[in-house]
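Reader: I have a structure to go through with you. Can we take it piece by piece?

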Amino acid sequence: MLLEMMKILNKIFAHNWLATIYLNFKMLPFRQAYKLPLDCYNNIRFSNLSGKIIIDSDNIYRGMIKIGSQGSDMFPLRRSVLSIQGTVIFHGKCALGCSSILIVKNRAMVEFGQNVTLGANTLILSEKRIKFDDDVLASWNCQYLDSDTHHIFDERLNKELLMSKEIVIGQHCWIGNHVKINKGTIIPDNTIIASNSLANKDFSNIDSFSVLAGIPVKVVRNNIKWKE
């Protein structure tokens, strides 16, 4: 009985209620905010909330978007950080892991489909556009950067290289732990990316149900289907 009560109390106190109330009423219209769909967990810092959060769904309910929750029973609870100068769009249920960082620069966009789960210590930094389509599952310690974050020049051509290029993760993709996804990466539906891999280009022409692995990644297997 005591153990069950401790579990209930742990679940209650894992929520950061002040951050939850503030974030919802700061970023959402009242007709959505009072339902508290944005659910903050543990230690979280809002470094910039000058942008927009849009929930594009007909079914908005309490706790549908969990920020700082996923994997919290496996990892040290360092601070999660939200810096939103651009736009974040949610189309349905989403969970962002504990100790994660979401940085969306001015005029940039990060878009989450329905049923997206990103593990602990996720880093998302967008200066252009990053999209996670429906039913994406990603493990811990992954990073998604659609920009070089610094200006890089080709001395031979005497011109600056393209600094930012969008990232698109297709439907029903599974991303292993410690994966890095850089600018210009497009991952088609039903793809698996193996742990400790680096993706940095357009893979939209590969066969469905492929496995990508390596640094940088390449197709290592086909006709592989995963179930959550």
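Author: What follows covers the sheet, the core, the salt bridges and one serine.

Reader: What kind of model is this?

Author: The model is predicted.

Reader: How many bridges join strand 2 to strand 5?

Author: Four bridges, and the two strands run parallel. Strand 5 covers residues 80-84.

Reader: And what stands opposite Phe-46 there?

Author: Leu-82 in strand 5.

Reader: How do strands of a sheet pair in general?

Author: Through backbone hydrogen bonds, either parallel or antiparallel.

Reader: New topic. Which residues touch the most other members of the largest nonpolar core?

Author: Phe-112, Phe-132 and Tyr-144. That core has 48 residues. Its largest share, three residues, comes from helix 2 (residues 17-27).

Reader: What does Phe-132 contact, leaving aside neighbours within four places in sequence?

Author: Among its contacts are Val-110, Phe-112, Val-116, Leu-118, Ile-124, Tyr-144 and Ile-169. Glu-111 and Gly-113 are in contact with Phe-132 too.

Reader: Charges now. How many salt bridges does the structure hold?

Author: Four. One of them joins Arg-62 and Asp-39, with the closest N and O atoms 3.3 Å apart.

Reader: Where do Arg-62 and Asp-39 lie?

Author: Arg-62 is in the loop between strand 3 (52-55) and strand 4 (65-70), while Asp-39 is in strand 1 (residues 38-40). So the pair ties together parts that are 23 residues apart in sequence.

Reader: Asp-39, buried or exposed?

Author: Asp-39 is buried, because its relative accessible area is 1%, under the 20% cut-off. Arg-62 is partly exposed at 33%.

Reader: What about Arg-129 and Glu-111?

Author: Their side chains meet in a salt bridge, 3.3 Å from N to O. Arg-129 sits in strand 12 (residues 129-132) and Glu-111 in strand 9 (residues 109-112), so this pair ties together parts 18 residues apart in sequence.

Reader: How accessible are Arg-129 and Glu-111?

Author: Arg-129 is partly exposed, with a relative accessible area of 22%. Glu-111 is buried, at 12%.

Reader: Which salt bridge links Arg-129 with Glu-166, and at what N to O distance?

Author: The two side chains meet at 3.1 Å. This pair links distant parts of the chain, 37 residues apart: Arg-129 is in strand 12, and Glu-166 is in the loop between strand 16 and strand 17. Glu-166 is partly exposed, with a relative accessible area of 28%.

Reader: Which residues do the shared partners join into one network?

Author: Glu-111, Arg-129 and Glu-166.

Reader: Last one, Ser-164. Where is Ser-164 found?

Author: In the loop between strand 16 (159-160) and strand 17 (167-169).

Reader: Why is Ser-164 classed the way it is for burial?

Author: Ser-164 is buried because its relative accessible area is 16%, and the cut-off is under 20%.

Reader: What polar contact does the side chain of Ser-164 have?

Author: One of 3.4 Å joins it to the side chain of Ser-147.

Reader: And what does Ser-164 touch, not counting residues up to four places away in sequence?

Author: Ser-164 touches Glu-127, Lys-128, Asp-146, Ser-147 and Lys-183.

Definitions and conventions. Residues numbered from 1 in each chain as written. Predicted model: local features only at pLDDT ≥ 70, side-chain atom pairs only at ≥ 80, totals over all residues. Heavy atoms only, no water. Buried < 20%, exposed > 50% of the residue type's maximum accessible area, 1.4 Å probe, protein only. Polar contact = N/O pair within 3.5 Å; in protein donor to acceptor, adjacent residues only side chain to side chain. Contact = heavy atoms within 4.5 Å. Core = buried A, V, L, I, M, F, W, Y, C linked by side-chain atoms within 4.5 Å. Pairing = 2+ DSSP bridges.
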